[in-house]
Amino acid sequence: PPVIYRADYQPPDWRVETVSLEFDLDLSATEVHATLGIVRNGDHDRAVRLDCDGALPQTLAVDGQPVNWRQEGSRIAFDVQGERAIVTLSTRIAPDTNTQLMGLFASNGMLCTQCEAEGFRRIIPFVDRPDNMSVYEVLLRADKSRFPVLLSNGALVESGDLDGGRHYARWRDPHPKPSYLFALVAGDLVATRDSFTTKSGTHVDLAIFVRAGDEGRTAHAMQALKASMAWDERVYGLEYDLPVFNIVAVSDFNMGAMENKGLNIFNSRYILADPDTATDYDYDAIEGVVAHEYFHNWSGNRVTCRDWFQLSLKEGFTVYRDQCFSADMGSEAVKRIEDVRMLRAAQFPEDAGPLAHPIRPDSYMEISNFYTSTVYNKGAEVIRMMATMAGPERFRAGCDLYFARHDGEAATCEDFVRAMEEGAGLDLGQFRRWYEQAGTPQVQARLEHDAATGTATLHLRQNFTPTPGQPAKPLMPIPLRTALIDRDMKAHRGEMLVVLTEAEQALSFTGYARAPVLSINRGFSAPVNLDVARASGDLPFLVRHDDDPFARYEALQQLVIDRLIADIADMDGPGAAQGHAVSLDEIIAVFGDLVSDQRLDDSMRAEILSLPTEAFLGEQMLIVRPEAIHVARKSLRKAIGSRLLNQWRIVHERASSVPYSLSREARGARKIKSLALGYIASAEAGDAAMVAFDQFARADNMTDRQGALAVLASMQADQRETALDSFYNRYQGNALVIDKWFSLQTGSAHPRVHEQMLELIRHKDFTLTNPNRVRALYWPFVSNQAVFHEASGRGYELLTDLVLKLDPLNPQTTARFIAPLGRWRRFDEARAAKMRDCLERILAQPGLSKDVTEQVVKSLE
Ligand code: DPP
Ligand code: ZN
């Protein structure tokens, strides 16, 4: 497939100023008539070229005269003489055969669209690129009984009945927008309604449309929407700009949700929740995604992207905005830990592998492959670093300037950086490299102390490892929030922001009779890998005394990682381990202190006391050793569980007495309850299965039920099957909960996960046509390091089979599953060879999609 380069950007030859669309909607045959007001853009005599994917025009006329068009690859071309013209064209599409879920597709008898990034061209041929902004008017016609609800962007202009049991609705969106923000929905849906009054007094009607029966599960999403609208006014001064804001939930969806102007379309998992079916985690995810899509109304829609290389302009910024919103709604400390954990789980491996790319990529074959953790989550970290360096007021001034200057435009990352420089008064010359360079920087830190002069000197150094296409890398500015903590006072004199700009830098601080303890990259102020030379005893000190909650978490994670890496080295023979790992006794003592530390709330306690995942431990090793990691971690869990068993039981009982509510205390209690249960099970306490089953059976909410079932799923006990069956029977018919039932089994630490996986693939509720179901079954399996990377290679074969079967149906969802195989360089030769074989087998498949081809080719390079 051809490669598209950022450097080749050219403005469109023709713009579409106005779009009028008429749809005669039907599941199997939808007719589309389009009237496009086009304008020549610049002084040239080139033809009109419209992007087209599968929906060739049935008729095409320019100013009323039929014209002959020609096909040029994925475009159609025709000639137009004057400066402006009216182009009319029609297409006929079959939504119910659209398994890619791009363009107009059917889901459970309803019709809806997904146009980002290049789905609109599957509806009609169009100048389908984000710098082509048009005003849309949309007329929808359909059978009234099957499609009683007809929605599009903007506001409803008129609606009424037609002959033959049909009806129509006309929608108009006054805001010019790129085609990727176009949306329509037709179906038999029920609405939950509410309203919001903006700070300037405009009334906005809010509605969430779902299938009948789901309307009792929309309250949380509605509350999140209203909270987001208020938050964006308060924190960014940004108001909503239409009289209507509609949300529709659909069950077949590739993405999490889509920010179409005035008509957000959501994967139902990010809308539907009640205590019986959704966990606290689901509640948070809903709040975050609803906010994310709402915030796009400014960071994405009012100011959009010039081209898809600028994707992080809207996504990185909007993720940063939704992270701050969720922090404000709940716990800032816990939110930061969750976000960093996610960054390290998904983005760091991506940035260290064959698919590494800068947050503003330089090239792509298929843009769908670039909706990545790098563009989103590292993109958000880059915005966060600017916010940290500027401080809140100046950061806000930079954002104000950006929105004021670029409102109504298709902008670039460079536009954002320039607005931030001018508005916030920052010099971002060197900082721009964060947009250009892939790879996670390495920072080494060492604190040197001179007792004679009372001077502490911080030595910093930055390093880079090469990434594809970037063998050598210039230095980056790395903002590190830093504190020097006095060992006696257990306090510091104030946090400093140290910006490392050189390869090596040293900073001296006086007045330290004793060497202080270094607390660095507090709050994870820079997305780097940090290697700190420390005296043993420093990490336990930080776990107990650091006043930055993230730093406490980080210190304990590092303590555990050091110990486990040493344990794994010990497996090669005594004395193989070297370095500074603290003893198991010391780790148990630290855990013991934290289990009952009064300064921690339960939510933070549970966060800190969670062990790093096997996959994350693998990331810390040059060559990942799946069995050794599994064994070492399991044995550490067992030790922590059994030696603190009484404390875990006390915590479990205390937390079990807290009644269900959504208060922070009750949510914290639920989180620590299932964590404690997990440690009781890891201790292999004789009654563990009973305690777990008891929590499962008594649960009056999904958090406790799923928490218990997750523990049981890893056990070999009769209660396991009983609980799984009971859970399945109770929720049969609720797709989102049945997704959990699949995930709990394939993500478990049960010794027979692979065999269970084979059975689940054949389960009557498994289908390849629903992306949520595919991900629910396969993603926990692929992330289950010891199982997926079983030495036999059968995990790789299973994934390869999926890829080959799913690609013809849904390339976009399939391509996400290539990265796990692409990590072959990080495994021993035998595994690496098997992984490569699988990639070769995929590549040999005739008719392989562009999406999968790109990922496989890059993974093999
Ligand atoms: N809908 C996706 C998101 O909000 C892509 N824009 O991130
Ligand atoms: Zn987004």
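Some ground rules come first. Residues are numbered from 1 along each chain as its sequence is written, while chains are lettered from A and ligands numbered from 1 in the order in which they are written. As the model is predicted, local features need pLDDT of at least 70 and side-chain atom pairs count only at pLDDT 80 or more, whereas totals for chains, interfaces and linings use all residues.

The pLDDT (the predictor's confidence in each residue, from 0 to 100) averages 97 over the protein chain, and 100% of the residues score at least 70. The model has an ipTM of 0.98 and a pTM of 0.99.

The protein chain falls into four parts: domain 1 (1-96 + 122-183), domain 2 (304-436), domain 3 (442-526) and domain 4 (732-861). These bounds come from an automatic or database domain assignment. Between the centres of domain 2 and domain 3, taken over C-alpha atoms, lie 24 Å. Their contact takes eleven residues from domain 2 and 13 residues from domain 3; two residues are in contact if their C-beta atoms, placed from the backbone, lie within 7 Å. On the domain 2 side, helix H4 (332-351), helix H5 (373-390) and helix H8 (433-436) each give at least two residues. The largest share, three residues, belongs to H5. By class, the domain 2 side holds seven nonpolar, two polar and two charged residues. Here Ala, Val, Leu, Ile, Met, Phe, Trp, Tyr, Cys and Pro count as nonpolar, Asp, Glu, Lys and Arg as charged, and the others, Gly among them, as polar.

Next comes the sheet. Helices (H or I, at least four residues) and strands (E, at least two) are DSSP runs, numbered from the N terminus, and two strands pair if DSSP finds at least two bridges between them. Eight strands make an open sheet with mixed pairing, in the order E6-E5-E9-E3-E2-E12-E15-E14. At its edges are strand E6 (65-66) and strand E14 (155-161), each of which pairs on one side only. Strand E2 (residues 14-24) runs parallel to strand E12 (residues 134-143), with seven bridges, and Phe 23 stands opposite Leu 140 in E12. E12 also pairs with strand E15 (residues 166-177), this time in the antiparallel sense over nine bridges; there, Glu 137 stands opposite Arg 172 in E15. E14 and E15 are antiparallel too, paired over six bridges, and Ser 159 stands opposite Ala 169 in E15. Four residues lie between the strands in the hairpin of E14 and E15, where Gly 164 takes a positive phi near 70 degrees.

Two helix pairs complete the picture. Helix H3 (residues 311-329) packs against H4 at an angle of about 145 degrees, with the axes 7 Å apart. Axes are lines fitted to C-alpha atoms, for helices over the stretch in contact, and angles run from 0 to 180 degrees between N-to-C directions. Gln 323, Ser 326 and Ala 327 of H3 meet Glu 332, Lys 335, Arg 336 and Asp 339 of H4, giving one nonpolar, two polar and four charged residues.

For helix H18 (residues 702-713) and helix H20 (residues 735-746), the angle is about 35 degrees and the axes are 8 Å apart. Gln 706, Leu 709, Ala 710 and Ala 713 in H18 touch Lys 740, Leu 744 and Gln 745 in H20. This contact has four nonpolar, two polar and one charged residues.
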